[in-house]
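Here is a short report on one structure. Keep the sequence and the 3D view open as you read.

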Amino acid sequence: MVIVQRKELTLAERLYLPEIFRGLSITFRKFFEKPITRQYPEEPLPTDEVTRGQPRLVVKDDGNIACVSCGMCEIACPAYAITIDGGETDRQIEREPKRFEIDMLRCILCGFCEEACPKDAIFMSNELELADYTRRGLIYDMEKLKRPKSALQPRIDYVYKINKRWRRTQA
Amino acid sequence: MSGAQSGPTLTRQVFEYTPGTRPELDHDDPLHGELLKLNMGPQHPATHGVLRLGVTLDGERIVDVDPDVGFLHRGKEKSCESLGWHKFFPHTDRLDYVQPLMNNIGYALALEKLGGIEVPPRAKVVRVLLMELSRIMAHLIYIGTLGIDLGAVTIFFYSFRQREELYKVVDAYTGHRMNNTYVRIGGVYADVDEKVAAMIEKFLADFPAALDEIDAMLTRNRIWYDRNRGIGVISKEDAVAMSLTGPTLRGSGVNWDLRRAQPYSGYEEYDFDVPVGSVGDCYDRYLVRMTEMREAAKIAKQALDKLKTVKGDVLIEDRRYVLPPKDLVHSSMEELIFQFKVVTDMRLPRGEAYHGIESSKGELGFLVASDGTSKPLRCHIRAPGLMNIQALPMLAKGRLFSDMVSLIGSMDFVMGEVDR
Ligand code: SF4
Ligand code: SF4
């Protein structure tokens with residue numbers, strides 16, 4: 001425990017001129033420093049694989065999406081942003097989503113869907129900007145969500161890297 | 001209440017009207033001696049959110065204050081009960097939104113106590129590091145907003161500049177600048193890697209000098225001194241009786257810090273001082289918070305050094321609560337079942353647990369009760385800010401209206417947490 005020091009102001013500290021010059025000496029120094037202002041829309045913040053932007057669906061190299069419409073992301077989503085209607089497919093995986101929508105107005109970019117997906121089908125992209133004229137336009141359907149796997153590859157690698165745990169107990 | 005207040009006694013003329021007579025009107029006083037009821041807020045820049053204060057004024061003097069909370073009520077406790085254990089984490093971010101990671105950790109600690117989960121040592125160190133950085137973040141907001149309320153706009157920019165550096169650190173670690181949601185039951189989601197550690201190291205190296213600058217601008221500044229000293233004196237007894245916690249309590253000279261009194265996350269291994277005040281006024285609370293930031297930087301430095309020696313996982317290996325690693329899910333049927341189980345139906349054992357942490361505002365506690373299912377039976381959040389607001393009427397009575405701003409600022413509450 002330390003008791004914080006409080007001292008009465010001295011006469012010099014109560015006078016106007018010395019104090020105003022002392023204060024200004026600090027603020028004026030800032031004139032000679034490099035400005036730190038970022039001109040936002042022209043100079044966006046840098047993004048990297050750690051950035052959790054809007055979730056996107058992975059399109060595999062054969063052109064199909066990896067999703068099997070298991071509904072795990074729908075269940076894991078705390079904002080109820082995901083809506084999936086599953087259906088049958090002739091492909092070997094048997095099931096695929098007929099409708100896959102993420103309401104970007106509800107999505108809080110938490111990344112729980114990415115964690116929950118057992119098929120590596122949904123990943124957080126580095127896309128952050130979100131604007132439209134209508135609400136309906138911000139409910140993204142499958143076409144708007146699809147991204148080639150190569151575009152999401154840095155994030156996929158990153159998620160695999162932070163998922164490297166418990167290796168001692170693996171034979 | 002203690003007689004710590006020393007304003008002049010109130011002179012109040014009550015306007016009495018008897019029908020048929022014409023009272024003598026004091027034409028200089030437009031209210032003719034009546035009291036004025038003034039609504040401060042809910043949209044007032046100095047009330048730090050949506051707090052409405054019904055202030056009764058006699059001229060410039062405050063006769064009574066009636067805080068009205070609840071404008072930001074979003075039903076967080078009920079959300080927790082309907083969402084389930086894990087899905088409530090993003091909601092904790094939005095309680096005290098200036099220190100999201102601290103709230104995450106508070107909630108996780110309560111759940112871990114309920115489940116009897118022991119967090120790996122490295123996760124504990126990472127958590128301490130995150131908590132102390134969050135504390136600095138929150139106190140910087142306090143300094144900045146109190147500064148802007150009392151007319152020191154420069155301080156707002158200086159403190160937000162430091163906060164921006166912390167945002168960058170947190171962004172590099174979690175991928176978000178705010179509302180991070182990076183703590184999980186049984187640890188934290190990702191490890192602090194070298195790049196992030198280097199950023200924190202750099203921040204901690206520059207921070208004391210930046211704090212000195214703020215210190216030089218404020219602590220001995222006459223306006224700051226006069227507007228904070230002797231205002232809102234809380235005696236030790238009152239502070240304890242009103243169940244104040246955190247810097248507000250310590251400003252009154254009570255040496256009570258949960259990091260010392262009930263250590264969690266391995267705080268007993270760190271070397272730090274708990275600053276306490278001697279008088280209990282706004283100035284003491286300011287000094288306590290300034291010192292606390294320096295101490296927090298010290299603890300963060302120690303945690304950073306510890307990270308170099310304490311190795312291992314940052315998430316517990318317990319497939320009842322923690323998702324299995326991604327690649328194993330692809331190759332093993334059991335892991336896939338665990339994945340489904342944890343996402344859809346993660347249960348905590350039947351029982352009840354309370355865990356309080358020393359957040360930047362005071363004791364932030366989560367009381368969770370479970371009936372053994374995947375949804376909490378009850379989740380209660382003990383918000384330190386709510387108690388701080390309760391002290392306002394006692395402190396404001398008899399003071400000038402302009403002191404109200406210092407008082408609100410020095411109690412340092414965030415309405416997201418108070419109304420929850
Ligand atoms: S990021 Fe979170 S909120 Fe957004 S869709 Fe995924 S789980 Fe839902
Ligand atoms: S969890 Fe993955 S595979 Fe399942 S529905 Fe969601 S995106 Fe598709």
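## Where two chains pair

Start with one residue. A:Ile3 faces B:Val276, which sits in β6 of chain B. Keep in mind that this is a predicted model.

Now widen the view to the strands. β1 of chain A is joined to β6 of chain B, residues 275-276, by two bridges. The two strands run parallel.

## The contact between chains A and B

How many residues does each chain bring to the contact? Chain A brings 34 residues and chain B brings 44 residues. On the side of chain A that touches chain B, several elements supply at least two residues each.

By class, the side of chain A that touches chain B has 21 nonpolar, five polar and eight charged residues.

## Around ligand 1

Turn to the ligands. Ligand 1 has 14 residues around it. Those that come nearest are A:Cys77, A:Cys107, A:Cys110, A:Phe112 and A:Cys113.

What classes make up the shell around ligand 1? It divides into 13 nonpolar residues, one polar residue and no charged residues.

## Around ligand 2

Ligand 2 is surrounded by 13 residues. The closest are A:Cys67, A:Cys70, A:Met72, A:Cys73 and A:Cys117.

By class, the shell around ligand 2 holds 10 nonpolar, two polar and one charged residues.

## The build of chain A

How many helices and strands does chain A have? It has six helices and seven strands. Along the sequence, they follow the pattern β-α-α-β-α-β-β-α-β-β-α-β-α.

What share of chain A counts as buried? Of its 171 residues, 24% do.

Contacts can also be sorted by distance along the sequence. Take those in chain A between residues at least 6 apart in sequence. Of these contacts, 73% join residues at least 24 apart.

Key: Residues numbered from 1 in each chain as written. Chains lettered and ligands numbered in written order. Predicted model: local features only at pLDDT ≥ 70, side-chain atom pairs only at ≥ 80, totals over all residues. Near = placed C-beta within 6 Å. Nonpolar A, V, L, I, M, F, W, Y, C, P; charged D, E, K, R; others polar. Contact = placed C-beta atoms within 7 Å. Helix = DSSP H or I, 4+ residues; strand = E, 2+ residues; numbered from the N terminus. Pairing = 2+ DSSP bridges. Buried ≥ 20, exposed ≤ 12 C-beta atoms within 10 Å, placed from the backbone.
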